[in-house]
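Me: I would like to learn how to read a few features of a protein model. Please take me through them one at a time.

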Amino acid sequence: MAGKVLAGALGLAGALALIAVLVDPGTVAVTPPVLQIGGAALGVAMFVGGIIIGTDGVTDILAARRVKRLMPQKTILLSAQGLRFTSAYHGQVLEISVPWDEVEACAFRSGLGGNEFLCFDVPGRRPTPPVPGESAPEQMMRVDMYAFGTPFTVNLAKCQDVDTAHLDRELRRWTNGRCYLPAR
């Protein structure tokens with residue numbers, strides 16, 4: 001997203017520099033007309049391309065920020081006691097705790113954007129069918145349920161500085177070897 005904005009800005013800067021060189025009286029006097037016309041066409045193309053690419057990048061950034069504000073934020077805390085799912089959105093709070101003895105297994109599953117999600121399989125802990133007035137956190141759990149087969153998912157790409165070796169050791173210890181980080 002930011003790369004598009006930068007590419008657009010570079011295109012605009014390059015176009016303006018090229019046009020500035022072409023309108024310099026000293027350059028015009030020594031440059032053949034064919035190169036002047038070609039340079040002007042290239043400058044216009046770079047300018048228009050820069051505007052299009054830059055605008056596309058800015059709209060991508062604005063859309064991503066808006067989606068982030070609209071989507072409920074969830075947290076899955078892993079501790080010696082088990083999983084704790086917490087989601088809050090506009091005053092609606094959903095919290096579910098699951099002890100490790102209820103977690104059957106965990107696996108990596110592909111998700112949106114090519115990211116791999118760590119999914120915890122918990123039999124019997126499924127979101128209910130949609131109901132009128134359902135909260136946004138419940139809807140988010142349902143999306144994860146249909147996408148991954150479980151509502152308990154962690155996108156490790158969004159987890160800063162995760163020591164996966166340590167996480168693997170702790171999962172094995174907490175679940176008596178039943179859950180571990182599978183090879184990717």
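**Around helix α5**

Reply: Helices here are DSSP runs of H or I with at least four residues, strands are E runs of at least two, and both are numbered from the N terminus. This is a predicted model, in which local features need pLDDT of at least 70 and side-chain atom pairs count only at pLDDT 80 or more, while totals for chains, interfaces and linings use all residues. Residues are numbered from 1 along each chain as its sequence is written, and side-chain values use heavy atoms, with hydrogens and water left out.

Me: Which residue caps the N-terminal end of α5?

Reply: Asp-163 does, with a side-chain oxygen 3.3 Å from the backbone nitrogen of Ala-165.

Me: Which residues of α5 are buried?

Reply: Buried means under 20% relative accessible area, exposed over 50%, and partly exposed in between (1.4 Å probe, protein chains only). In α5, Leu-167, Asp-168, Glu-170, Leu-171 and Trp-174 are buried. Viewed down the helix axis they fall within an arc of 170°, so they line one face of α5. The arc is taken from the directions from the helix axis to the C-beta atoms.

Me: Which residues touch the most other members of the largest nonpolar core?

Reply: A nonpolar core is a set of buried Ala, Val, Leu, Ile, Met, Phe, Trp, Tyr and Cys residues joined through side-chain atoms within 4.5 Å. The largest one has 21 residues, and Leu-83, Leu-118, Phe-120 and Phe-152 touch the most other members. α5 gives the most to this core, with 3 residues.

Terms used: Polar contact = N/O pair within 3.5 Å; in protein donor to acceptor, adjacent residues only side chain to side chain.
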